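Thanks for coming, everyone. I'll take you through one structure today. Have a look at it first.

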Amino acid sequence: MAWATLIDRLFAGRAAQKTHSDKSVVKNFRKRYARFRKLLDANAALGDIMAEIELKLGGKSLFGQLYVHRTALKAIELTRRMAVSLSAMHAGRYAGLSQAVNRIAEKLQRVIGEEVSCDVACQSLTLDLRQIDASMVDWVGGKCANLGEMQSMAGIPVPRGFAVTITAFQRFITHQGLDKELNALLAGIDSEDRDGLSAILDSIRARIEAAPLPPELEERFAVALNHSFNGENVRLAVRSSAQAEDGAKSFAGQFLTELNVRQEDFSDSYRRVIASLFTPSATLYRMHQGIPLSASAMAVACLEMVDARSSGVAYSHDPVNLLQDTLLINGVWGLGRYAVDGIVDPDLWVFTREEKPDLARRRRGSKDRRLVFGPDGELMDQPVPEEEQRSFSLTEQEAQALAALVMQLEKHYGGYQDIEWAQTRDGRLIFLQSRPLDTHFGNANAPKPPLLTTRPLLLEGGDTAYPGVGHGLVVRPETAEDLLHFPQDGILVAAHSNAEYATVMDRAQAVITETGGITGHMATICREFRVPTILNAKGAMARLDKGQEVTVDAFSCRVYDGKVEELLPLRLSLDPVRLQDTPVHTMLRDAARYILPLNLTDPSSGRFTPENCQTLHDVMRYAHEHSYQEMFAISDNASDAGGVAMKLKAPLPIDLYIIDLDRGTRTSAEARAVTPEEILCAPLKALLKGMLRPDVMFRRPRPISMGGFISVMGQQMGNPQGGDGRFGDKSYAIISDRYMNFSSRVGYHYSILDSYCGQTMSKNYISFSFQGGAAGEVRRVRRIKAISLVLKELGFSVNVQGDTVKSRFQKYPAPDIEERLDQLGRLLQVTRQMDMLMVNDEAIVQFRDDFMNGIYH
């Protein structure tokens, strides 16, 4: 009895040790996966920053030295995060990567210097618009900097007014400890508790609106009001003027504007505009971006309220048709909101685009209503008398004078402009706002050439990574040799984006791929080389033949057969950019030399090392590539966690065990079995969908040739069970909600499938490897060739070595990833015993054709 008790305790102790060991392995899996996720998040954020830098280098938006400094530091921080995450995934292997980041960061730091120091202008609490230009955006925000630039540098009439600076904001927010109160309230915010969030933000806004202003700020307001408006008791428009950096686009339209404000009420209006920093959407954005209150600053524009006789919008170029070289003006009676919002039918003037524009045509709109100020300053909708409805809102001479001012402003900025204008009661023309008429990627409202009928349309749709027009012969490179011989002025057409295409960007007239993200590696390279590029052009490979002459319209995402003469003028730069010559743009351009260029394009090259990283983009590329490899290798230790794995209960020819890292199943932690219906992991669900298809399931042994059978028996006799050639029979899937590492070891076959499938396309990928087999070497190699042909048909990049195939499918939308995983599930099923059927080379192509046609037996 004592012996039995001793043996029971011995085995119980060993079981406890095994369970502890299993849990330790799973813990390590979770750590590696968490680091992988952190790396992917940093990679996506860094891609967004690089795309934004490319746009800023286009010279069409205002920014200051603070933007350059903070953006460069943010890029360094994200790159360092990627390097640290990769190093933590495999201790000791990637030490040189952090050294590379430090080396590049040191060079970048010398370009950007220390954070710009505060000069006399930024120490001011208020600045008259006549004192402001574009270089002061860091201290007065984008709206004030733009108005000041138009008036002081371009000679364009704008409303009288002044800016309340960022320095004034900082004085107000720190006065009497207000910032400490706000931080205490913000600390209680739970972003998931939207009701609680709303209540806290209501309290914050109320606290700001009730807070006293510093005495020196009240005094400065009185001086500025008197100075800017010459002591006149004019009504005011009080507007936010956010800084250009730190995601200002995300805040657009979320802050308060107050119209027709009395001067004695300006202090209260200022507080209400500042309080609008704490709307729910703006606050959540700052929380998710990790932006503290100390970095959330706002300037405010105090402008003379223009009681407009007429107003409207002007475009220095036709906003719809780039081929139409004209200037357009729209106008209505009263305030401009009815023109901007399209509430009434406006007047239209069309002018030639010359220094002294000529009127080409005009059309009178109905203009039956107008927006005006009532006796107490309120906005009123007012019917327009019939006589005024029949009149134009500007005379021909006034419209011509406005058109000349529009061209003057375009000349100053060096790019097409989108302008809001007004005419005062005494007939003066005033520009209320001007912004670039953006022709670059990502702008749904950018002007585009119309659909042409002079040549057949071959392809339409996709995303513009860089706009423009290209003409040439289609080239579809499939190998490194094809890239080496890429012809001058070729049109590169490919199934998916690939950073290796960087080697031909100086020769390509245009680039078209069926998939790819506009913030990805290749898109960045295309913008750097200014190559017109269309991504996600579905059907490009099927519709565009090698050697076919085409014209690519990357503005409208269209491809025409042959040479389209009407589009060829747009191959030239549309708008020479004057802002590129300013000191701040020069600083950004110098900094970008250490951020944007990609030199590490070929992972198989001996130069693909940390020591050869010259830019942050190189480090990003290296870390991204090797993170896949580290996750791919996770399957090597899967069997070490078998004690905590759940067996999948499904009619499969393999014993599949599931290790759930994070929300991959809907079972409890103690469960030891799981059904397909309980799987939440997106990649595994898609894989099982293919594996469990009735038409791929074998209900009886596969028919084999006698030669194939003898080949298998010969292989087994030469390498008997228990030798190095045979793998264990358990298969494992390590999963989370979006990630899967599937390793299948059955007999002499070994396959690994590693995948991430989520909403962020740049993170998504599939890595698939297959090796081994039971037949002789010739048949095993034939099977690998057949599998590789199928993978190529599915859009994978493929590398074959002997009886091993390695493949990758990456940066596709989630539905495409899931569809390929479904196909891989079918492929894994039908490849069992397939090497026995590889009796000749014709069987290779036959298998590929049958599989792609849905013939699995």
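We start with a definition: a salt bridge is a side-chain nitrogen of Lys or Arg within 4 Å of a carboxyl oxygen of Asp or Glu. Keep in mind that this is a predicted model.

Take aspartate 268 and arginine 271. Their side chains meet in a salt bridge, with N to O at 2.6 Å. Both residues lie in helix 10, residues 266-275. They sit three residues apart, about one turn of the helix. Arginine 271 is buried, at 9%.

Next, helix 2, which covers residues 65-89. Here glutamate 77 and arginine 81 form a salt bridge, 2.7 Å from N to O. The spacing is four residues, so about one helical turn separates them. Glutamate 77 has a relative accessible area of 38%, which makes it partly exposed. Arginine 81 is partly exposed too, at 28%.

Glutamate 304 makes a salt bridge with arginine 160, and the closest N and O atoms are 2.9 Å apart. Which parts does this pair tie together? Glutamate 304 is in strand 5, residues 298-304. Arginine 160 is in the loop between helix 5 (137-152) and strand 2 (161-164). So the pair links parts that are 144 residues apart in sequence. Glutamate 304 is buried, with a relative accessible area of 19%. The cut-off for buried is under 20%. Arginine 160, at 24%, is partly exposed.

There is also a network. Salt bridges link Asp662, Arg663, Asp737 and Arg738. How many salt bridges does a search of the whole structure find? It finds 43.

On to helix packing. Helix 5 packs against helix 14, residues 396-413, at an angle of about 110°. Their axes are 11 Å apart. An angle of 65 to 115 degrees counts as roughly perpendicular. The two helices, helix 5 and helix 14, are therefore roughly perpendicular to each other. Who meets whom? From helix 5 come Asn146, Glu149 and Met150. From helix 14 come Leu409, His412 and Tyr413. The residues of this contact divide into three nonpolar, two polar and one charged.

Cysteines next. Take cysteine 144. The closest cysteine sulfur is in cysteine 302, at 9.4 Å, too far for a bond. Cysteine 144 is buried, at 0% relative accessibility. Cysteine 613 is buried as well, at 2%.

Last topic, the backbone. Most residues other than glycine have a negative phi. Two residues here have a positive one. Asparagine 230 has phi near 55°. Where is asparagine 230? In the loop between helix 9 (215-228) and strand 3 (236-242). Asparagine 230 is exposed, at 54% relative accessibility. Then there is aspartate 489, with phi near 65°. Its place is in the loop between helix 15 (480-484) and strand 17 (490-494). Aspartate 489 counts as partly exposed, at 37%.

That's my tour. Over to you for discussion.

Key: Residues numbered from 1 in each chain as written. Predicted model: local features only at pLDDT ≥ 70, side-chain atom pairs only at ≥ 80, totals over all residues. Heavy atoms only, no water. Buried < 20%, exposed > 50% of the residue type's maximum accessible area, 1.4 Å probe, protein only. Axes fitted to C-alpha atoms, helices over the stretch in contact; angles between N-to-C directions. Parallel < 35°, antiparallel > 145°, perpendicular 65-115°, else oblique. Contact = heavy atoms within 4.5 Å. Nonpolar A, V, L, I, M, F, W, Y, C, P; charged D, E, K, R; others polar. Disulfide = S-S within 2.5 Å.
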